[in-house]
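Here are my notes on the model you sent. Please read them beside the coordinates.

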Amino acid sequence: MSKKVAVIGGGLGALGGAIRLACMGFDVQLFEKNEKLGGKTNEVVSGSYRFDTGPSLLTMDFVIDELFDFAGFKRSEMLEFVPVDPICRYFFPDGSIMDASADREKMIDEISKLSPEDADSYDEFISYCKDIYDLTADVFLYTPIHEMDKVLKKGNLSTLFKLYKMDPFRSVHQGVSRYFSDPRLIQLFDRYATYSGSDPFKAPATLNIICYVEYGLGGYYVKGGIYRLVEALINMAEELGVEIYTSTKVDEIIVENDFVSGVFADGERFDVDYVLCGADAVVTYNTLIKGYPVLKDKMNSLEPSLSGIVFLWGINKQNPELKHHNIIFSKDYQEEFRQIFDKCETPDDPTIYVSITSKADPEHASSGGENWFVLLNMPYITDDQDWSLEIDRMRKKVLTKLTKTGIDISNNIEFEKVYTPLDFLNLYNSNKGSIYGISSNSRMMAFKRHANRSRQIKGLYFAGGSVHPGGGIPLVLLSGKMAAELIGEDME
Ligand SMILES: Cc1cc2nc3c(=O)[nH]c(=O)nc-3n(C[C@H](O)[C@H](O)[C@H](O)COP(=O)(O)OP(=O)(O)OC[C@H]3O[C@@H](n4cnc5c(N)ncnc54)[C@H](O)[C@@H]3O)c2cc1C
């Protein structure tokens, strides 16, 4: 008889893990508390507007292809990945604009226009970021880093001796500043730390790996919207026989004598051999597992990642000056992060990110209109914030700043939906509303993130943004892969 696995949550990490486990012959039951699967990779449709409400840019597309191949499906027959070019249009406070591209010549050309003396540094910078990727990806992204035998077995010892080459002792900002002199370029490349929910002035320069991932390996849009990826994964999971329970909350992971024996979901007991938990690990220890106070303290000591305020705006006007992805920078980036991370306050001058899928798929907005996804980086939840007040304050700030940038949409918003950190907490059970799990604001964070296999509780495995190797679509899919493989090994 097949061994049974309960998968908690329908986020991408858990879904990917469930698909693999079903392929490996396990009897898989997946429980998602919401009506819809996908977790933070979500979608809103209202009238003639359609929005992705979470991720907007896909990187490391080969991670997805590998999952489809493993499950016996052809990704290219189910989903179209469209390279985004320019990857992003940047608006700087001094009025200058730059289109960043994964095309090397175009990128160097754009840098030359902004800061001729920095143009020659681009190749050197990307080569430095690539070195970090080449050196670290195998150990830090593709290996369950807490499993010492695997880290050593893969012939990775040489990497461990070259840890200094990963630039862990500088911050992202210091790493970037070694290559560029123009503060606008430094701000642009510093920004990538936020893609792991971190502060560029604190996170180790190792995170400059993200620049290589985007500029060296490319950024993609999923034709029809990022949510099409979730739909494709659901189809695969169903075809492979994963039993999916939506609107079903897991209330407890049953642990007896340090062994998992089942879950309680909506009051019903499901006896299983293994649990793959795709819910936030910090919240899981605090709310789903009885006992283990030392572990709980350890989990609660980890710093959550950034959160955010998201405005979904249906706009009855087209803005040719904007591209698919746009960033309107704040004047003082360091102060923005000081407010967000050190003071846990909302920033006075937030950097504004705008993604408009109707640039690629015009049917996502009413004719002559656009569907805006606007994301502002925000602190994780503390007791001192009043998010209902912040919505109006931030809306005003965004509209004023856009107008100053020459983009006036104040009278053109005909649909609005807002998400605050409280929504990320309530909708997805994410720890303190964090959107990328745990921050990488210290050198050791890669090791402090929870492992994909619990050492203390036998039969318990983890996937998702709050555990190794971290947040973002490709990484959570890799976490699902590692967790499924560990379950497979433990069954043998
Ligand atoms: C605004 C925003 C922008 C982003 N932009 C990008 C981007 O451009 N590119 C990128 O790669 N990534 C981006 N990300 C990050 C990416 O979306 C996440 O890292 C990823 O989707 C998280 O997947 P996950 O597996 O951790 O699951 P989650 O999405 O966290 O889902 C967890 C699921 O578990 C369910 N759950 C929790 N507890 C229980 C329970 N007790 N019982 C049953 N179900 C439960 C929740 O309801 C939820 O559906 C963004 C995220 C956000 C929010």
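1. Strands S5, S9 and S6 form an open sheet, in the order S5-S9-S6, with antiparallel pairing. Strands are DSSP E runs of at least two residues, helices are H or I runs of at least four, and both are numbered from the N terminus. Two strands count as paired if DSSP finds at least two bridges between them. S5 (58–59) and S6 (81–83) stand at the edges with a single partner strand each, so one side of each has no neighbour in the sheet. S6 is joined to S9 (residues 219–222) by 3 bridges. Pro83 has Tyr220 in S9 as its bridge partner.

2. A word on the source. This is a predicted model: local features need pLDDT of at least 70, side-chain atom pairs count only at pLDDT 80 or more, and totals for chains, interfaces and linings use all residues. Residues are numbered from 1 along each chain as its sequence is written.

3. Please check the peptide bonds at two prolines. Asp85 and Pro86 are joined by a cis bond, with omega about 0°. Pro86 sits in the loop between S6 and strand S7 (88–91). The bond from His468 to Pro469 is also cis, with omega near 5°. Pro469 belongs to the loop between strand S20 (460–462) and H18.

4. One backbone angle deserves a look. Cys344 is not a glycine, yet its phi is positive, about 50°. Cys344 is found in the loop between helix H14 (333–342) and strand S17 (352–356).

5. A second open sheet has 3 antiparallel strands in the order S11-S12-S13. Its edge strands, S11 (250–256) and S13 (268–271), each pair on one side only. Neighbouring strands here are turned by 30° against each other on average, direction ignored. S11 and S12 (residues 259–265) run antiparallel and share 6 bridges. Ile253 stands opposite Val263 in S12.

6. Now the domains. The division comes from an automatic or database domain assignment. It gives domain 1 (4–39 + 226–302 + 440–491), domain 2 (102–144 + 154–216) and domain 3 (306–428). Over C-alpha atoms, the centres of domain 1 and domain 2 are 31 Å apart. Their contact takes 16 residues from domain 1 and 14 residues from domain 2; contact means C-beta atoms, placed from the backbone, within 7 Å. H18 supplies the largest share of the domain 1 side, 4 residues.

7. H18 also packs on H2. The axes of H2 (residues 61–71) and H18 (residues 473–491) come within 8 Å and cross at roughly 35°. Axes are lines fitted to C-alpha atoms over the stretch in contact, with angles from 0 to 180 degrees between N-to-C directions. Val63, Ile64 and Leu67 in H2 meet Pro474, Leu477 and Leu478 in H18. The contact has 6 nonpolar, no polar and no charged residues. Here Ala, Val, Leu, Ile, Met, Phe, Trp, Tyr, Cys and Pro count as nonpolar, Asp, Glu, Lys and Arg as charged, and the others, Gly among them, as polar.

8. Where does the ligand lie? Domain 1 and domain 3 both give residues to its shell, so the ligand lies between them. Of the 37 residues around the ligand, Gly9, Gly11, Gly13, Gly39 and Gly464 come nearest; a residue counts if its C-beta atom, placed from the backbone, is within 6 Å. Helix H1 (12–23), strand S15 (307–315) and H18 each give two or more residues. H1 gives the most, with 3 residues. By class, the shell has 16 nonpolar, 17 polar and 4 charged residues.

Technical notes:
Contact = placed C-beta atoms within 7 Å.
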